[in-house]
Amino acid sequence: LERGSVADAAAFLAAVPHASGQHYALADRSGVAGYECSAAGAVRSDERAGAFCHTNHPLRSTDVHPDRDPDGAPDSHARLAAIEAAASGIAAGADAERALADRETPLCVIAEPGRPWLTFGSIAAELGRTARVRIAPGPPDRTGWLDVV
């Protein structure tokens, strides 16, 4: 939090050791970036300019075996593809909220037999002269979005 820019925060993440897997969303007035950090180091998790998409599992860390993830990596790949496909149609936070709440895509998952996980919350942020961050503290198709102050 003390770093003054995305570049400075990214350099810090690359320089410190990480004991466990964690994802960091970095943002400043000039841009956004995501980093997956683990014992293997810090890896940029997104490649889009001006937008940032993330799912809940490590997909680019070098120490995660691509064929073995007990927590649902195949679903994370599908969710990442869905949000990246939707991203081109997102011009404002309200568009992001609608995309994240769409039950016709794998972005808003509700638990069912044989699939014991769910989307427990979502976040949408707009940066610029004024910043606006909103969260859905539950499945976003059935939970109201709240402003974070």
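Predicted model: local features only at pLDDT ≥ 70, side-chain atom pairs only at ≥ 80, totals over all residues.

Biologist: Okay, what volume does the largest cavity have?
Modeller: About 50 Å³.

Biologist: And which residues line the largest cavity?
Modeller: The lining is made of Glu-36, Ser-45, Cys-53, His-54, Thr-55, His-57, Leu-59, Arg-60 and Leu-80. Sorted by class, that lining has four polar, three nonpolar and two charged residues.

Biologist: Let's switch to pockets. How much space lies in the largest pocket?
Modeller: About 1600 Å³. The lining of the largest pocket takes in 46 residues, and Phe-52, His-54, Leu-100, Ile-123 and Ala-124 are the ones nearest its centre.

Biologist: Which elements give two or more residues to that lining?
Modeller: On the helix side, α2 (73-87) and α3 do. The strands that do are β1 (22-28), β2 (31-38), β4 (122-126) and β5 (132-136).

Biologist: How do the residues lining the largest pocket divide by class?
Modeller: There are 25 nonpolar residues, 14 polar and seven charged.

Biologist: What about the second largest pocket, what's its volume?
Modeller: That one comes to about 390 Å³. It has 16 lining residues, with Leu-1, Glu-2, Arg-3, Ala-9 and Leu-26 nearest the centre.

Biologist: Which element gives the most to the lining of the second largest pocket?
Modeller: β1, with five residues. α1 (6-15) supplies at least two residues as well.

Biologist: New topic: Asp-95. Which helix is it in?
Modeller: Asp-95 belongs to helix α3, which covers residues 93-100. Helix α3 is one of the elements giving two or more residues to the lining of the largest pocket.

Biologist: What does the side chain of Asp-95 have a polar atom close up to? Give me the distance too.
Modeller: A polar atom of that side chain sits 2.9 Å from the backbone nitrogen of Ala-91.

Biologist: And leaving aside neighbours within four places in sequence, which residues is Asp-95 in contact with?
Modeller: Gly-89 and Ile-90.

Note on methods
Residues numbered from 1 in each chain as written. Heavy atoms only, no water. Helix = DSSP H or I, 4+ residues; strand = E, 2+ residues; numbered from the N terminus. Polar contact = N/O pair within 3.5 Å; in protein donor to acceptor, adjacent residues only side chain to side chain. Contact = heavy atoms within 4.5 Å. 1 Å grid on protein atoms, 1.4 Å probe; cavity = no way out; pocket = protein on both sides within 12 Å on 5 of 7 lines; lining within 4 Å. Points joined across faces, edges and corners; volume = space filled by probe spheres on them. Nonpolar A, V, L, I, M, F, W, Y, C, P; charged D, E, K, R; others polar.
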